[in-house]
Amino acid sequence: MTKIGVFGANGRMGQALIEAVEIEKEAQLAAAFVRSSSPFLDTPVRALQPAHSSELAFADEEGGVERAEVLIDFTLPQGMLTHLQSAVESKIPMVIGTTGLTEAEMDQLREAAKTIPIVFARNFSVGVNLLLNLVQTAATKLADEMDIEIFEAHHRNKIDAPSGTALAIGEAIAEAKGWDHDEVARYDRSNVHEAKSQDEIGYSVLRAGDIVGEHTAYFATMGERLELTHKAASRLTFASGAVRAAQWLKNKPVGLYDMQDVLGLK
Ligand SMILES: NC(=O)C1=CN([C@@H]2O[C@H](COP(=O)(O)OP(=O)(O)OC[C@H]3O[C@@H](n4cnc5c(N)ncnc54)[C@H](OP(=O)(O)O)[C@@H]3O)[C@@H](O)[C@H]2O)C=CC1
Ligand SMILES: O=C(O)C1=N[C@H](C(=O)O)C[C@H](O)C1
């Protein structure tokens, strides 16, 4: 049995995580943390999740992390870093799915992984983690003159863009090509008045309605086009992956892992 603490428990992913823990027989919800200022503080988890089986109430994130054997964070970068500090102080392993981190914030995460075991992934679905391998195959096997573009679509409330997954796909392609991702990433063509070059990775973003998460990598040349697409139909997909990662991480040595480590895809 793995006792799990969820930060941002009232959020979209927080709610999906509570559901995923409930479904997993070998996991138990030890704490559902919200901000000190949250209107949900001290209200029963059942108020948001009527099917939840325990008497647990939403708890203040500023204390009590030691109730959990593994902590899970899908919040925002600033919140995640505060939660990470609590995890490090209490030496509790942490699964992190928060996206939109700057390089400096990533450095703090890497530093924390010298003290506690961490799984950090910008997408916890099995399909996307396989896609990261498939795009590397496409990038190395297809002819050099391919145009490479990445498209992502998400719900209207997503804040960061391009999505963490889109960037992970681009970074995987750049690695396979031997490119520096920062040098080849093209986020905006509105001021580029010239033809597309084959040594760049273009990104495009759509935000609309309730789209859970869709990603396509395009490899295109004259006469043919390969499109590799993943579509998530439910947040439970990511949440179940994160719970699986938490169970996997529980007894692992200190270090930084990703979902490909959890799934054995490396
Ligand atoms: N890696 C993956 O597979 C996936 C990653 N994500 C990522 O997860 C994150 C959350 O997404 P989602 O659930 O849709 O977002 P929501 O806005 O629904 O939830 C965010 C949660 O974080 C809390 N929060 C925000 N800021 C802080 C802070 N400074 N301190 C403490 N808590 C804070 C919010 O609390 P409050 O309500 O009080 O503001 C809320 O509970 C995003 O970064 C998203 O990209 C999402 C899906 C899959
Ligand atoms: O914010 C979301 O919703 C999602 N975020 C992740 C990302 O930025 O890639 C993963 C997933 O696509 C959903």
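Here are a few notes on the fold and the two ligand sites of this predicted model.

1. Ground rules. Since it is a prediction, local features need pLDDT of at least 70 and side-chain atom pairs count only at pLDDT 80 or more, while totals for chains, interfaces and linings use all residues. Residues are numbered from 1 along each chain as its sequence is written, chains are lettered from A and ligands numbered from 1 in the order in which they are written, and side-chain values use heavy atoms, leaving out hydrogens and water.

2. The sheet. Seven strands form an open sheet with parallel pairing, in the order β3-β2-β1-β4-β5-β6-β12. At the edges sit β3 (59-60) and β12 (255-257), each pairing on one side only. Strands here are DSSP E runs of at least two residues and helices are H or I runs of at least four, numbered from the N terminus; a pair needs at least two DSSP bridges.

3. A look at one pair. β1 (residues 2-6) runs parallel to β4 (residues 70-73), with three bridges between them. Gly-5 stands opposite Leu-71 in β4.

4. Helices on the sheet. α2 (residues 77-90) packs there, touching β4, β5 (94-96) and β6 (117-120), and makes about 165° with β5. α1 (residues 12-23) lies across β1, β2 (27-34) and β4, at about 160° to β2. Contact means heavy atoms within 4.5 Å; angles run from 0 to 180 degrees between N-to-C directions, with axes fitted to C-alpha atoms, for helices over the stretch in contact.

5. Ligand 1. Its shell (residues with a heavy atom within 4 Å) holds 22 residues, the closest being Asn-10, Arg-12, Met-13, Arg-35 and Thr-99. Both α1 and α2 supply at least two of the shell residues.

6. Ligand 2. Here 13 residues make up the shell, with His-154, His-155, Lys-158, Gly-164 and Thr-165 the closest.
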